[in-house]
Amino acid sequence: MSKKMTLHLRVWRQPNARTPGAFVTYTVKDVSPDMSLLELLDVLNEQLIKQGELPVEFDSDCREGICGTCGFLVNGVAHGPKRGRTACQQYVRDFKDGETVTLEPFRAKAFPVIKDLVVDRSAFDRIIAAGGYISVNTGSAPDANSIPIPKDIAEQAFDAAACIGCGACVAACPNASASLFVSAKIAHLALLPQGQPERIRRVLRMVEQMDREGFGDCSNHGECEAVCPKSISIKTIALMRREYLRALWSR
Amino acid sequence: MAVAMKLDSKAPGGPLESKWTRHKNQLKLVSPTNKRKYTILVVGTGLAGASAAASLAELGYNVKAFCIQDSPRRAHSIAAQGGINAAKNYKNDGDSVWRLFYDTIKGGDYRAREANVYRLAELSVNIIDQCVAQGVPFAREYGGLLDTRSFGGALVERTFYARGQTGQQLLLGAYSAMMRQVDAGRVALYPRREMLDLVVINGQARGIVCRNLITGELEPYVGDAVVLCTGGYGNAYFLATYAKNSNATAIWRCHKRGALFANPCFTQIHPTCIPVTGDYQSKLTLMSESLRNDGRVWVPKKKGDTRPPNEIPEDERDYFLERKYPSYGNLAPRDIASRAVKAVCDEGRGVGASGRAVYLDFSDTIREKGIDYIKEQYGNLFEMYQHITGEDPYKVPMRIYPAIHYTMGGLWVDYNLMSTIPGLFVLGEANFSDHGANRLGASALMQGLADGYFIIPYTIGDYFANTTLPKVTTDHSAFKDSLAEVHQWLTKLLSIQGEKTVLELHRELGMILWDYVGMARNAQGLQTAIEKIRKLREEFWNNLRIPGDANMLNKNLEMAGRVADFMELGELMAIDALHREESCGAHFREEYQTPDGEALRNDERFCYVAAWEYTGDISKPELHTEPLQFEFVTPTVRSYK
Amino acid sequence: MTLWPRSSVAKKFLNAVTGIGLLLFVIVHLSENLLLLTGNPDDYNRWTHFLFSFGPLLTVIELGLAAFFLVHIGSALMVYWDKLKARPSGYSVYRSAGWTSRQTLSSQTMIYTGLVLLAFVIWHVITFRFGPHYETVIDGVPMRDLHKLVVEVFSNPVNVALYVAVMVFLGLHLRHGFWSALQSLGAYHPRWTPLWYTGGVLVALVLALGFIVIPVWVYYYL
């Protein structure tokens, strides 16, 4: 049995979007190092409820790093210290016994805080609606093997398609830019033969929607790539720019 | 006793191969101009919901899509790892629609409708076409064509996959198709909404009541039909591979409004999950079945052998799946493999600190095919395992144990996917339809998408064309009554102000269900479970403490509502398991087994779908049955030896 | 559709194109200035005289250069403005996750180093282009004696120190600016990108040091 640990959690508490928030520090004692960070929050919340206080609200769903629901800044880094993982895949063992861990919501004008660590990321859905798809009505598809796709192209498309839409890229970006999210979808579809017919319209509309949502511009800090739980490369951002220039050219 | 309702499956007669085609030809159509006049409420945006919303909107219907997540893309279909079956026979290994049908119906231990299962197998090929056209990046071979692999319960390679993230990629495909319709103005999206009631007017499903999870407001929505795609109820067990927000509330409220609940005791245990490590644990994580393609399952031959796995010599290892089921080996179906794992652990040969785990060992494959092969096939799964356990599965064998993963039971639906409430359609895991008593791997994605893309678009039109739907608004008294009831119910939950949290009570319920309604069941245990659940339910309603109020984002209140429903559904699961005096598929009654410990079906008494009606008293549901007729296959003893 | 130069991608595109243009100018400018170190003042004066002989064409080139500056600065200010708008309230604790993040002191201070360079350019143009007009005659041709002016300006240690300091800022600006411009133009190659990311350090060092050598040399040896 591994040694129990004590952690202090400095958590952003904000009752709702209209009321200003502040940090409150809580202590959770004698927890197992094998506990996940979100399970630690569960334990803290049980403690708070028993004390008659309001629990810390945070989004989480699959708790295995694929749904993209969870996410906040852990000690200043989106999702936390361990690379290539979401907040739910961080473990107590990744921190020092007695450490004070700061948990702060993703901050961006396009991601308004709803409550505590919960933010509104619906801007991402609106960007996808603007063009993040291939227009193919149900029933009209040709045989799946009618268009061969070279394995390495399919793999590259997959690398981009692995995006879980968690928003860590925006949160970590000094400019609060959504370029990695947007470019991942553009790259996924632009690399595939099925995505060709709509590529001009897609990149123009998605970039326009991204700008309209109030995200910042990409200054190539590359911080997004470093915090992305799926390690999506900023080469997708370069690809998005090529797509965009090409679209302007052929418009 | 009231006269049992006659359950008409509406499954068409005639030759199996042409049932669906003939049925489609007989379904009535709605004209393009009239489609615009109908509004369909789709609840849930997983594979079934998103594909249904997209396809219905493409046809011209007005669709309102609801989900509890902050974005429809997060529905739990996203977590499906291994793959999706389709009878494409691209591998030239003898696959066919018939074989997929046969494997599926046999895999389900002959407790599913032949017509449904055949249709599912038939549509499987269209699904792959549709998804590839949407840009789903399936795995490919060097020639650029699609790759497949094998999965449990099959001797052919018919499982299409996208690394270990097949569900994610398929869902994002369906989600993007739906978002295209959002852009076109045909789908209106309502995220962070939880359906808390079904509104039935003149016996027809005409609307829903949702709670806005941000403001707490109760919102009524009117529609001409309601399509439930809200997934399964495995979270009743607390520890399961489900997402934290997966719940049975939508189907349960519909059940209480009159929809029959079919085969609630058919719950699937998945053999390869990461074992429980502590009592704080919030969920279990699945390791895809695809791993059993290349991993070998074993335990030490000796009891209580505590040596590290690599120090146990080959001849002191028991590859028990290969030993017991030589022809399927490690790819034995889930129910069979899970029970075998439980059996060796019960014998005291389990490994790990708790003794409730077995090894899933890749060292032979790593030796034969190299580490790069493993990385390419299962890289993300290995990574995930390492994240959770802190152990490197490239070096030491994985430790795995069965966990609740899927529920075959669900709301009863006919061949048109309509429940016993006219206008209430149920798709995907939320219905009971295609998997019988056990689902084969890579079939859940297939069913969700078949229902959403290719079945509901046809059958819902027939319902509209045959039905007179008087105009109603949310001013109708049924909406007002429903709103009042839901409000009262929430107020009641909040007013208890006892000592225990939702989490504690949920965990207790989970323990009862896992112990008595889990992998192995018996009459006495089930009776104990029923008593314990009743007691716990009473405690729940007297000793629950929910912080905060209803007019705010309050996840504890959300969870409380869901657990309240699990407390009732859990009892129904036990009642159903108790009544089914046979073993079939995942439902294993210890009293009914063959001498070598395999499930012993009783086709004379139980070759039927058990559909339960809510009578107003949770503890006294009424049983209706839909007899299952097998015209094209003969139910035999399921053998994987 | 919004006007395309307003889009986030286009802003960076314009910034990159003008940035690369300015970088090329800086390289040419350094090569010219190295003539100050030949030991013969006539070399430098002959060259500048050759440039002045372009007449109106020189004005056009200068205006073009000014336009590059303006677009570069304008687009950068827009990016900065968007950044302020996009995150109105900052984090209480924020740190970079480290490599593969390319966030550096250089990338974080682009707007400040840029503004310093802008102020410098204004001072620089006033000092030299529009500074005192000394005359000299080489091979019987009367021409402006810019060499004398340079020596005069850099005989003042304050000017030298200021100039050297600004060149450190130039180096910082180029360290991120060089690779960032290429990335903004969509140039990404799995093999070459790491090279030019590292190459940015080299470009920055060579140019900054090159420009630092001149005033220091002038101060001590001329």
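Guide: Chain B is divided into two domains, with domain 1 covering 270–404 and domain 2 covering 477–627. The model is a predicted one. Taken over C-alpha atoms, the centres of domain 1 and domain 2 of chain B are separated by 31 Å. Contact between these domains of chain B involves six residues of domain 1 and six residues of domain 2. On the domain 1 side of chain B, helix H9 (residues 334–346) gives the most, with five residues. By class, that side of domain 1 of chain B has two nonpolar, one polar and three charged residues.

Next come some strands of chain B. Strand S15 of chain B covers residues 358–361. B:Val358 and B:Leu360 point one way from S15(B), while B:Tyr359 and B:Asp361 point the other way. All four of these residues of S15(B) are buried. S15(B) runs antiparallel to strand S13 (residues 296–300) of chain B, and three bridges join S13(B) to S15(B). In that pairing, B:Val297 has B:Leu360 as its bridge partner in S15(B). S15(B) also pairs with strand S16 (residues 398–407) of chain B, in the antiparallel sense and over three bridges. Here the bridge partner of B:Leu360 in S16(B) is B:Met398.

Helix H12 of chain B covers 444–466. H12(B) has 23 residues, and from its first C-alpha to its last it reaches 31 Å, close to the 33 Å expected at 1.5 Å a residue. H12(B) bends by about 55 degrees at B:Ile455. A proline, B:Pro457, follows within four residues of that bend. Why is H12(B) described as largely enclosed by the rest of the structure? The reason is that 18 of the 23 residues of H12(B) are buried.

Another helix of chain B, H16, holds B:Glu571. Is B:Glu571 buried or exposed? B:Glu571 counts as buried because 26 other C-beta atoms lie within 10 Å, and the cut-off for a buried residue is 20 or more. Leaving aside neighbours within four places in sequence, B:Glu571 is in contact with B:Ile530, B:Ile533, B:Arg534, B:Ile618 and B:Ser619. One of these, B:Ile533, is 38 residues from B:Glu571 in sequence, but the two are 6.3 Å apart in space, C-alpha to C-alpha.

That leaves the surroundings of chain B. Two pairs of chains touch, and the most contacts are between chains A and B. How many residues does each chain bring to this contact? Chain B contributes 64 residues and chain A contributes 63 residues. On the side of chain B that touches chain A, the elements giving two or more residues are helices H3 (47–59), H5 (114–134), H6 (166–183), H11 (371–389), H12 (444–466) and H16 (555–579) of chain B. H6(B) gives the largest share of this side, nine residues. The residues on this side of chain B divide into 26 nonpolar, 24 polar and 14 charged. H12(B) and H16(B), described above, are both among the elements listed for this side.

Chain A itself has eight helices and seven strands. Along its principal axes, the C-alpha trace of chain A spans about 60 × 40 × 35 Å. Chain A has 251 residues, and 64% of them count as buried. Among contacts in chain A between residues at least 6 apart in sequence, 69% join residues at least 24 apart.

Chain A also touches chain C: 40 residues of chain A are in contact with 41 residues of chain C. Helices H1 (8–33), H3 (56–86), H4 (105–108) and H7 (157–184) of chain C each supply at least two residues of the chain C side. By class, this side of chain C has 16 nonpolar, 17 polar and eight charged residues.

Chain C is built from eight helices and two strands. Along the sequence, chain C reads α-α-α-α-α-β-β-α-α-α. Buried residues make up 29% of the 222 residues in chain C. Chain C and chain B do not touch, and their nearest C-alpha atoms are 16 Å apart.

Definitions and conventions:
Residues are numbered from 1 along each chain as its sequence is written. Chains are lettered from A and ligands numbered from 1 in the order in which they are written. This is a predicted model: local features need pLDDT of at least 70, side-chain atom pairs count only at pLDDT 80 or more; totals for chains, interfaces and linings use all residues. Two residues are in contact if their C-beta atoms, placed from the backbone, lie within 7 Å. Ala, Val, Leu, Ile, Met, Phe, Trp, Tyr, Cys and Pro count as nonpolar, Asp, Glu, Lys and Arg as charged, and the others, Gly among them, as polar. A residue is buried if 20 or more other C-beta atoms lie within 10 Å of its own, exposed if 12 or fewer, and partly exposed in between; C-beta atoms are placed from the backbone. Domain bounds come from an automatic or database domain assignment. The expected span of a helix is 1.5 Å times one less than its number of residues. The bend at a residue is the angle between axes fitted to the seven residues ending there and the seven starting there. Two strands pair if DSSP finds at least two bridges between them.
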